[in-house]
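User: I would like to learn how to read side-chain features in a model such as this one. Could we begin with charged pairs and then move on to rings and surfaces?

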Amino acid sequence: MTSPSTEYALSLLASLADAGVRDVVLSPGSRSQALALAAAEFEIAGRLSVHVRIDERSGGFLALGLAAETGVPSVVITTSGTAVANLHPAVLEAHHSGVPMIVVSADRPSEMRGIGSNQTTVQPGLFASAVGWVRDVEAPRSGPVDHEAVRTLAREAVAEALGGDSHGALGRSRGPVQLNVAFREPLSSGEQSLPAAHPAPVEVAPLVAPSALEVDVDPATLVVAGHAAGPEAEAAARALGAPLVAEVSSGARFGPHLVSSYRALLDDADFGGRVRRVVVFGHPTLSRQIPSLLTRGGVEVVVVRAAGAEAYDPGRSARVVEAVEVDRASSGVGSTDDAAHRTWVGLWVHTGRRLLEAEAESEDAADGPGADGTAEGSAGRTEAAEQAEFLRREVQLLRRPVTRRALAEALWRVSWPHDRLVLGASRLIRELDQIVPGKKIPVHANRGLAGIDGTIATATGIALASQRDDPAAGTTRVLVGDLTLLHDVGSMLLGLGETRPRLQVVVGNDGGGTIFDGLEVAATASPEAMTRVQFTPHEVDLSALAVAYGWQYVEAATRAELDQALVARYDGPVLIEVPLSR
């Protein structure tokens, strides 16, 4: 005989799958056993993909990565008590970055709450304002399950996670929701009969009237694309005849209007000082210059609301809109191809490129011209001698240690549209943002709260989803600092039976948190105190970690070794360690 708990679990998962859910992440536990065992049966039937993780915190970020790649809400199942609380970091990131997620937390029934029962706390509302939709479901009793009520509940959860409601109308921003489901004993039964599939994916189609943007008569507009801005930002820049400042994880870092070395230009009175209107897409997080510009007097700010919970408005004075379209008719400007707009964009683009080239030449010069530190002239040389000298210099370059700039350039160079690039919250994402040119490739990063939490798990979810859904998908590469890796090292654990993705975790190891060297207080604080409490040095053997978790390991100490490591073929995930100087 099937227990009420199992009957309800089967009905709930069938309804979620029918509503469009594809991925379930779960961790072992007693109170959630009916959901976990039912999920395993749905995977056998090919109706859900199941991912098992020992640590709920890692599981939450895995679910985040799966949903970030697919755009479909992923379900994460936990048992009761502290297991639910371990999801909080991932739930916060999902809330602030607008990633759909459904938390299904198993709980004690009402008669066991508030009396000191083991592993029992107040779970509904545990995530506070980070979850805008919560349902506390009473434990099912003996008798037939109301499948229609369960189906309605599941569809509502999916719609709310997608930013809509049960009728498909736009309600709020996308993000996490919580279904807290109580279970009484018997907590499960061995007999399981899956309900028939009735696929009817929930679709939320926001009907948004875009706000009109006029083209400048005298060009003075700048388009800023922060994290997850998307290609709409690049299209708007072209339509407005405006330069485009696009952060590396914006999804808009391409096109003829893209500006390199934008920080220096924003600081320059002849460039940033002439801006009178800024149109912001996405969530900018990687520079101080952008919020400084948006809070400057005399600058009109238009913010196109991003997927996260809050509109980016550091000056609290922006005009916040849901979408924009460029209105040339009422602006008095017939085309953004006129000389004034071409000159405005051209100055930004060409000056930015020259600055970037100068910075690259400066770093090359700092490395030294050759093995002996001399630079011989070419006068009087034969063509063969000059060619030999060129090849000698190339070999010397490949033998040099890897700098942060070289690491960023190498990773960007080998990544293509069929790959995925994931950037951790470390000094290295800022390095890429400052130096890499335009390239239309998928870049992910947890920039909702910009924490180092769960980066390996998030990247694993992105890799699993992309490689399952796209036969032509390439490699997922994640660039992290050593502290970001160590903070989420448990996510390297892939249990028996779990899919091992094509994943390269590239670790720039400088022995601690060198990003804190940039804090103003570093110039005046005690060096010993800064080292211990901010830099937090360590001597972890990363090769031993890789062996312990069953990963392949490669050390890339030179530029040649790094290039080889990034393009090599591996059987499963690999940890590539790149030693860096502080």
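Analyst: A salt bridge is counted here when a side-chain nitrogen of Lys or Arg lies within 4 Å of a carboxyl oxygen of Asp or Glu. The model is a predicted one, and the structure holds 23 salt bridges.

User: What does the salt bridge between Arg468 and Asp23 tie together?

Analyst: The side chains of Arg468 and Asp23 meet at 2.6 Å, N to O. Because Arg468 belongs to helix 14 (residues 455-469) and Asp23 to strand 1 (residues 23-26), the pair ties together parts that are 445 residues apart in sequence. Arg468 is partly exposed, at 31% relative accessible area, whereas Asp23, at 3%, counts as buried. The two residues also belong to a network of salt bridges in which Arg22, Asp23, Arg468 and Asp469 are linked.

User: Which parts of the chain does the pair of Arg53 and Glu498 link?

Analyst: In this salt bridge, the side chains of Arg53 and Glu498 meet at 3.3 Å, N to O. The pair links distant parts of the chain, with Arg53 in the loop between strand 2 (49-52) and helix 3, and Glu498 in the loop between helix 15 (482-487) and strand 17, 445 residues apart. Arg53 is buried, with a relative accessible area of 5%, and Glu498 is buried as well, with 17%.

User: Are Asp563 and Arg413, which also form a salt bridge, buried or partly exposed?

Analyst: Asp563 is partly exposed, with a relative accessible area of 24%, and Arg413 is partly exposed too, with 44%. Their side chains meet in a salt bridge of 3.0 Å, N to O, which links Asp563 in helix 18 (residues 559-567) to Arg413 in helix 12 (residues 404-414), distant parts of the chain that are 150 residues apart.

User: How should I read a buried charged residue that has no salt bridge, and what surrounds Glu56?

Analyst: One looks for the nearest side chain of opposite charge, which for the buried Glu56 is Arg57, 10 Å away, and Glu56 has no salt bridge. Glu56 is found in helix 3 (residues 56-70). If its neighbours within four places in sequence are left aside, Glu56 is in contact with Ser27, Pro28, Thr78, Ala83, Asn86 and Leu87.

User: Turning to the rings, how many aromatic pairs does the structure hold?

Analyst: Pairs are judged by the angle between the ring planes, and those over 60 degrees apart count as edge-to-face. The structure holds 2 aromatic pairs. Phe271 and Trp348 form an edge-to-face pair, with 5.5 Å from centre to centre and 85 degrees between the planes. Phe271 lies in the loop between helix 8 (262-267) and strand 10 (277-281), and Trp348 in helix 10 (residues 339-367), so that the pair links distant parts of the chain, 77 residues apart. The rings of Trp344 and Trp348 have their centres 5.7 Å apart and their planes at 75 degrees, so this pair is edge-to-face. Trp344 and Trp348 both lie in helix 10, 4 residues apart, about one turn of the helix. Phe271, Trp344 and Trp348 form one aromatic cluster; Phe271 and Trp348 are buried, and Trp344 is buried also.

User: Finally, which residues form the nonpolar patch on the surface?

Analyst: The patch is formed by Ile515, Phe516, Leu519 and Val521, which together have about 280 Å² of accessible area. Val521 sits in the loop between strand 17 (503-509) and helix 16 (527-535), and at 41% relative accessibility it counts as partly exposed.

Terms used:
Residues numbered from 1 in each chain as written. Predicted model: local features only at pLDDT ≥ 70, side-chain atom pairs only at ≥ 80, totals over all residues. Heavy atoms only, no water. Patch = residues over 30% accessible without salt bridge, like charges linked within 9 Å, V, L, I, M, F, W, Y side chains within 5 Å. Areas by Shrake-Rupley, 256 points an atom, 1.4 Å probe, with all protein chains shown as cover. Helix = DSSP H or I, 4+ residues; strand = E, 2+ residues; numbered from the N terminus. Buried < 20%, exposed > 50% of the residue type's maximum accessible area, 1.4 Å probe, protein only. Lys, Arg positive; Asp, Glu negative; His and termini not counted. Contact = heavy atoms within 4.5 Å. Phe/Tyr/Trp six-rings, centres within 6.5 Å; stacked < 30°, edge-to-face > 60°.
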